[in-house]
Amino acid sequence: MKTYLEKESWARIFFVLLTAIYIAGCSGLSNPRLSSDPFELPNAWMEAREDVTSAPMLSADELAVWWRQLGDPVLDELVERTIAGSVDLESAAARVKEARARRGQAKSELGPSISTSISTAQSEALGDQNSSSENFSIALGEQGSSSDNFSASLDMGWEIDLFGAKRLSLEASQADLKAEIENFRSAQVSLVAETVVAYADLRVAEVRLRVLDKSLLSREETYQLTDWREQAGLASRLEANQALSSLGQARAERPAIEQIATEARLRLNLLAGEMPGALDELLFRPDSEPAMPAPPNAVSIGIPAETLRQRPDVKSAERQLEAAWSRLGVAEADRYPTLQLTGSLDAKSANFGDLFDIDSISANLLSGLTAPIFESGRIRENIAVREAQWEQAALTYRSIVLEALSEVERALSSFRSSQERIVALEEAARAAVEAAELADQRYAAGLVDLLSVLDTQRTLFNIEEQLVATRGELLNSFSNLYRALGGGWDHVSQEHATTGGFDA
């Protein structure tokens with residue numbers, strides 16, 4: 001075998017290789033695990049009260065399907081269809097695939113690259129060839145001798161990761177992948193909450209229409225009674241017009257409420273990735289009175305630290321902070337030398353059959369150490385860029401943690417406030433119903449004027465509308481609370497994990 005390497009050269013290169021691998025395993029910047037509690041957290045929620053949060057903390061499986069506490073089968077099916085068909089979730093899943101491929105690219109940088117080539121060349125001798133340019137002219141028809149030459153090569157290149165730059169780049173890509181997985185889960189948390197809120201808006205609008213229809217019936221009866229009294233000479237035309245005006249005002253409310261219901265249906269179809277009207281059969285309730293799901297009186301919230309551990313957006317921000325730290329390490333590693341190993345096996349022969357004979361093969365193995373000397377400040381400024389990006393990621397992480405805590409507090413406050421308002425409005429509604437019935441009776445007996453009747457009808461309608469709206473606000477607060485707690489993503493993410501979709 002023909003070779004251009006002496007035994008001593010092989011030994012020296014082998015020693016350098018072993019030393020480089022050892023240094024690569026021991027060198028490089030460390031990437032410490034960052035705590036999920038970057039600052040001291042409160043031990044309890046400010047807005048938590050015994051009468052509101054007395055239920056035991058939900059388990060992870062229960063938190064994943066928190067909307068089932070509402071006991072609405074239509075909503076359960078709607079959420080399942082929305083998760084399965086959401087375009088936003090598909091887009092988030094595609095970003096996870098991209099991040100996984102980028103991690104694969106970074107991992108491939110740690111290993112060597114090997115390429116091969118096979119070529120053939122034909123040379124032809126054209127008669128008498130002299131060095132003199134005067135004798136180099138050849139007739140077009142002149143015949144010469146020709147020969148074929150075959151060659152093949154196997155080339156290898158490997159940059160040894162002496163100071164951990166490639167390892168840190170892989171860690172950054174791994175953190176990016178984990179962040180995208182958490183972003184997918186965060187998108188699902190928001191999708192479920194938005195679906196429940198849109199469903200609540202639809203049911204609130206339907207109940208408002210039922211309340212309006214009751215009010216219309218009462219005002220129509222009042223108008224008919226007033227019209228009869230006018231014909232009998234017991235009431236003036238003014239009273240009849242006042243009753244008709246009140247009836248017209250109530251009728252004008254219907255188109256606006258119907259528009260709210262239509263927009264809620266369209267929003268539900270959009271969230272589910274369906275065409276307008278595709279969910280109407282599921283949402284329509286022909287055989288029952290309109291009703292909205294009612295949340296439980298007590299909710300389960302745990303402690304602030306638990307919330308941060310289960311919120312995907314907080315975990316995503318933590319992974320992004322880790323990625324920024326690793327990329328800072330990559331930038332700092334540019335200051336140090338790099339070791340490049342290159343090798344090749346070359347074969348040349350006049351006959352293709354003899355190309356791979358041992359006597360036709362020659363081997364080369366080279367190593368080179370490259371170190372930066374003068375870069376006009378490029379490395380220094382790149383490190384400064386990465387440091388600034390790490391600082392931004394740290395501030396973003398802190399901001400997201402603070403926002404997470406604030407969202408829970410706001411949802412708790414809204415939930416408790418809505419509960420208190422509902423109690424007061426229910427009492428007011430009972431009194432308004434009695435007042436309206438009494439006013440109708442006294443008006444029929446001629447004991448009060450029409451204005452008293454119309455006033456009690458308007459009061460009853462306004463209170464009932466407020467009560468329906470506040471129950472809708474309570475349901476929205478319930479949804480926002482579990483969105484803030486990070487509930488609603490394990491349900492489908494586990495299915496992806498079992499199929500190998502989102503394993504990090």
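The side chains of Arg 311 and Asp 313 meet in a salt bridge, with N and O 2.6 Å apart; the term stands for a side-chain nitrogen of Lys or Arg within 4 Å of a carboxyl oxygen of Asp or Glu. This is a predicted model, in which local features need pLDDT of at least 70 and side-chain atom pairs count only at pLDDT 80 or more, while totals for chains, interfaces and linings use all residues. Residues are numbered from 1 along each chain as its sequence is written, and side-chain values use heavy atoms, with hydrogens and water left out.

Let us stay with Arg 311 for a moment. Glu 407 also forms a salt bridge with Arg 311, and here the closest N and O atoms are 2.9 Å apart. This pair links distant parts of the chain, 96 residues apart: Glu 407 sits in helix α10 (residues 378-444), and Arg 311 in the loop between α8 (304-310) and α9. Helices here are DSSP runs of H or I with at least four residues, strands are runs of E with at least two, and both are numbered from the N terminus.

By the same rule the count comes to 23 salt bridges, and Glu 182, Arg 185 and Lys 315 are linked in a network of them. In general, side chains of opposite charge can pair when their charged atoms come close.

How open are the paired residues? The table gives their relative accessible areas; buried means under 20%, exposed over 50%, and partly exposed in between (1.4 Å probe, protein chains only).

| Residue | Relative accessible area | Class |
|---|---|---|
| Arg 311 | 4% | buried |
| Asp 313 | 21% | partly exposed |
| Glu 407 | 23% | partly exposed |
| Glu 171 | 28% | partly exposed |
| Arg 167 | 28% | partly exposed |

Next comes helix α9. Its 22 residues reach 32 Å from the first C-alpha to the last, close to the 32 Å expected at 1.5 Å a residue; the expected span is 1.5 Å times one less than the number of residues. Because 16 of the 22 residues of α9 are buried, the helix is largely enclosed by the rest of the structure. Ser 316 lies in this helix (residues 312-333) and counts as buried at 2% relative accessibility. Leaving aside neighbours within four places in sequence, Ser 316 is in contact (heavy atoms within 4.5 Å) with Ala 179, Glu 182 and Asn 183.

Now for the nonpolar interior. A nonpolar core is a set of buried Ala, Val, Leu, Ile, Met, Phe, Trp, Tyr and Cys residues joined through side-chain atoms within 4.5 Å. The largest one has 81 residues, of which Leu 268, Leu 283, Val 299, Leu 481 and Tyr 482 touch the most other members. Helix α5 gives the most to this core, with 17 residues. A second, separate core of seven residues includes Ala 235, Tyr 443, Leu 450 and Leu 454. Beyond four places in sequence, the contacts of Leu 268 are Leu 78, Thr 195, Ala 198, Tyr 199, Leu 202, Leu 279 and Leu 283. In soluble globular proteins, nonpolar side chains tend to be buried together.
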